[in-house]
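Subject: Structure handover

Hello,

Here is the structure I promised you. Please open it next to this email and follow along.

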Amino acid sequence: MQAVRLSLVAAASLVRGTRSFAPASRNAGARSFAAPAGRSRTMSSMEDAGGVVPWRERIVGSIAKSRKIRGGNYVQLASVDESGLPRVRTVVFRGFAPDGCLKIITDARSQKVQQSKHVEVCWWFSQSSEQYRFAGELAYVGADYPDADRVALRKQMWGNLSDNAREQFFWAHPPRGAFDAEPEDVPKGGRAEDTGNVLPVPDVFLLGLLEPTSVDYLRLTDNFRQMDTAAEGAWAAARVNP
């Protein structure tokens, strides 16, 4: 399983048990979230008197504990379809973007692309019995997306995929299309037959970026619950009843 790299944004203030911290800027370099080099922080050293830890700091430890668990980077993505019905599916968390968005990938022909862009992602960590629920807006980045930095991130993601993952984006039929028992003629590994180089990004390949506006954290070992909310360019975190 691909290791997930995180970079932290430090807490800025502590007021009456509520901690606030500024979010990462989209233009703040090309690094993924990563713990500060050469520094090791225990959870107790990050917590205030009420046990509150900004989610970006807390999730570093959660990921570390589940890094070797198969499926540890599988998350549930919930949306609402055009009929107002809830839809949920499992997707692969592909790391954090430089601006702090959660990354996934999908096919432009997938039904979820046509559904609500206001979504929720649920991430369960079995090793530590922790749950994170990220609510926010999901942007799908294609070749014609207006943000050049995000288009470049899409291209980078395409090159980082496994060969098997790239192949499915060359299938002729969209998801949920009529089943074809005959194997489709797709370029093996998404690579050029003569050179073995990765083929250009197909139009149907989309990078999904979820920008969280709230994070609901629950730890079942002691029923500790915390809400992080973003407002006016900063995050605030507070303990709430489970």
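Which residues of α3 are buried? They are R150, V151, L153, R154, M157 and W158. Their arc around the axis is only 155°, so they sit on the same side of α3. An α-helix has 3.6 residues a turn, so residues three or four places apart point the same way.

Before we go on, please keep in mind that this is a predicted model.

**More on α3**

Helix α3 covers residues 148-160, which is 13 residues. From first C-alpha to last, α3 reaches 19 Å. That is close to the 18 Å expected at 1.5 Å a residue. What does the buried side of α3 pack against? The partners are β5 (102-107), β7 (130-141), α4 (163-167) and β8 (205-219). Now turn to the face away from the buried side. There you find the exposed residues A148, K155 and N160. The N-terminal end of α3 has a cap, D147. A side-chain oxygen of D147 lies 2.9 Å from the backbone nitrogen of D149.

**The whole chain**

Now step back. The protein chain has 4 helices and 10 strands. Along the sequence they follow the pattern β-β-α-α-β-β-β-β-β-α-α-β-β-β. The chain has 242 residues, and 40% of them count as buried. Take the contacts between residues at least 6 apart in sequence. Of these, 64% join residues at least 24 apart. The chain exposes about 13,400 Å², and carbon and sulfur atoms supply 50% of that area.

**The cores**

In soluble globular proteins, nonpolar side chains tend to be buried together. Which residues touch the most other members of the largest nonpolar core? They are I59, W123, Y132 and F134, in a core of 25 residues. The elements giving two or more residues to this core are α2 (55-66), β3 (74-80), β5, β6 (118-125), β7 and β8. A second, separate core has 15 residues, including C101, V141, V151 and L207.

Find Q115 in the loop between β5 and β6. Is Q115 buried or exposed? Its relative accessible area is 8%, so Q115 is buried. The side chains of Q115 and R89 are joined by a polar contact of 2.9 Å. Leave aside neighbours within four places in sequence. Q115 is then in contact with S79, V80, D81, R87 and R89.

Next, find V88 in strand β4 (residues 86-92). V88 has a relative accessible area of 58%, so V88 is exposed. Beyond its neighbours within four places in sequence, V88 is in contact with Q76, L77 and A78. V88 and Q76 are 12 residues apart in sequence. In space, their C-alpha atoms are 6.6 Å apart.

**Two backbone angles**

Look at N223, in the loop between β8 and β9 (224-231). Phi of N223 is near 55°, a positive value in a residue other than glycine. N223 is partly exposed, with a relative accessible area of 44%. Phi of E232 is also positive, near 55°. E232 belongs to the loop between β9 and β10 (234-240). E232 counts as exposed, at 85% relative accessibility.

Best wishes

Methods. Residues numbered from 1 in each chain as written. Predicted model: local features only at pLDDT ≥ 70, side-chain atom pairs only at ≥ 80, totals over all residues. Heavy atoms only, no water. Expected span 1.5 Å × (residues − 1). Buried < 20%, exposed > 50% of the residue type's maximum accessible area, 1.4 Å probe, protein only. Arc of directions from axis to C-beta. Contact = heavy atoms within 4.5 Å. Polar contact = N/O pair within 3.5 Å; in protein donor to acceptor, adjacent residues only side chain to side chain. Core = buried A, V, L, I, M, F, W, Y, C linked by side-chain atoms within 4.5 Å. Areas by Shrake-Rupley, 256 points an atom, 1.4 Å probe, with all protein chains shown as cover.
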